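Look at the model shown here and turn it slowly. The paragraphs after it lead through some of its side-chain contacts.

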Amino acid sequence: MISKDILDKMDHARRFLAAPAPEVVGDLIAEIRILTAQRDEAVNNYETAQLLAVRVGEERDRILEDRKKYMNLYYDNIHNHGDE
């Protein structure tokens, strides 16, 4: 039969393991805050990257449209003045 002393020690160990020490809780809270800040920064960086991608796409489209316009003017100029 298991002695009362051993049962008490087992019960104490079970309660100790079930309830973390205050410094452990503090460390976990600090880690959660750090991870939350990192997540918020990552979300912000992602949103910034999306906005930049849209701006780059718009700028690319504008450049391609300008290029097309200048190429058309160039070919029109060659076609209209090529026989002179």
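This is a predicted model: local features need pLDDT of at least 70, side-chain atom pairs count only at pLDDT 80 or more; totals for chains, interfaces and linings use all residues.

Residues are numbered from 1 along each chain as its sequence is written, and side-chain values use heavy atoms, with hydrogens and water left out.

Begin with Ile6, which belongs to helix H1 (residues 4-18). Helices here are DSSP runs of H or I with at least four residues, numbered from the N terminus. Ile6 is partly exposed, at 43% relative accessible area; buried would mean under 20%, exposed over 50%, and partly exposed is what lies in between, with a 1.4 Å probe and protein chains only. Together with Ile2, Leu7 and Met10, Ile6 makes a nonpolar surface patch of about 370 Å². Such a patch is made of residues with over 30% relative accessible area and no salt bridge, with nonpolar side chains (Val, Leu, Ile, Met, Phe, Trp, Tyr) joined within 5 Å.

Next come the charges. Side chains of opposite charge can pair when their charged atoms come close. A salt bridge is counted where a side-chain nitrogen of Lys or Arg is within 4 Å of a carboxyl oxygen of Asp or Glu, and the count comes to seven salt bridges. One of them joins Arg39 to Asp40, with 2.8 Å between the closest N and O atoms. Arg39 is partly exposed at 49%, and Asp40 is partly exposed at 40%. Another links Arg60 and Asp61, at 3.0 Å between the closest N and O atoms.

Asp66 and Lys69 also meet in a salt bridge, at 4.0 Å from N to O. Both residues lie in helix H2 (residues 22-81), three residues apart, which is about one turn of the helix. Asp66 and Lys69 belong to a network of salt bridges that also links Glu59 and Arg62.

Lys69 leads on to the rings, since its charged end sits over the ring of Tyr70, 6.0 Å from the ring centre; this term requires NZ of Lys or CZ of Arg within 6 Å of the ring centre and within 35 degrees of the ring normal.

How many aromatic pairs are counted? The count is one aromatic pair: Tyr74 and Tyr75, edge-to-face, at 5.4 Å centre to centre with 65° between the planes. Rings of Phe, Tyr and Trp (its six-membered ring) pair if their centres lie within 6.5 Å, and planes under 30 degrees apart count as stacked, over 60 as edge-to-face and the rest as tilted. Tyr74 is partly exposed at 47%, and Tyr75 is partly exposed at 49%.

Conventions. Patches are made of residues with over 30% relative accessible area and no salt bridge: like charges are joined within 9 Å, nonpolar side chains (Val, Leu, Ile, Met, Phe, Trp, Tyr) within 5 Å. Accessible areas come from the Shrake-Rupley method with a 1.4 Å probe; for residues, only the protein chains shown count as cover. Helices (H or I, at least four residues) and strands (E, at least two) are DSSP runs, numbered from the N terminus.
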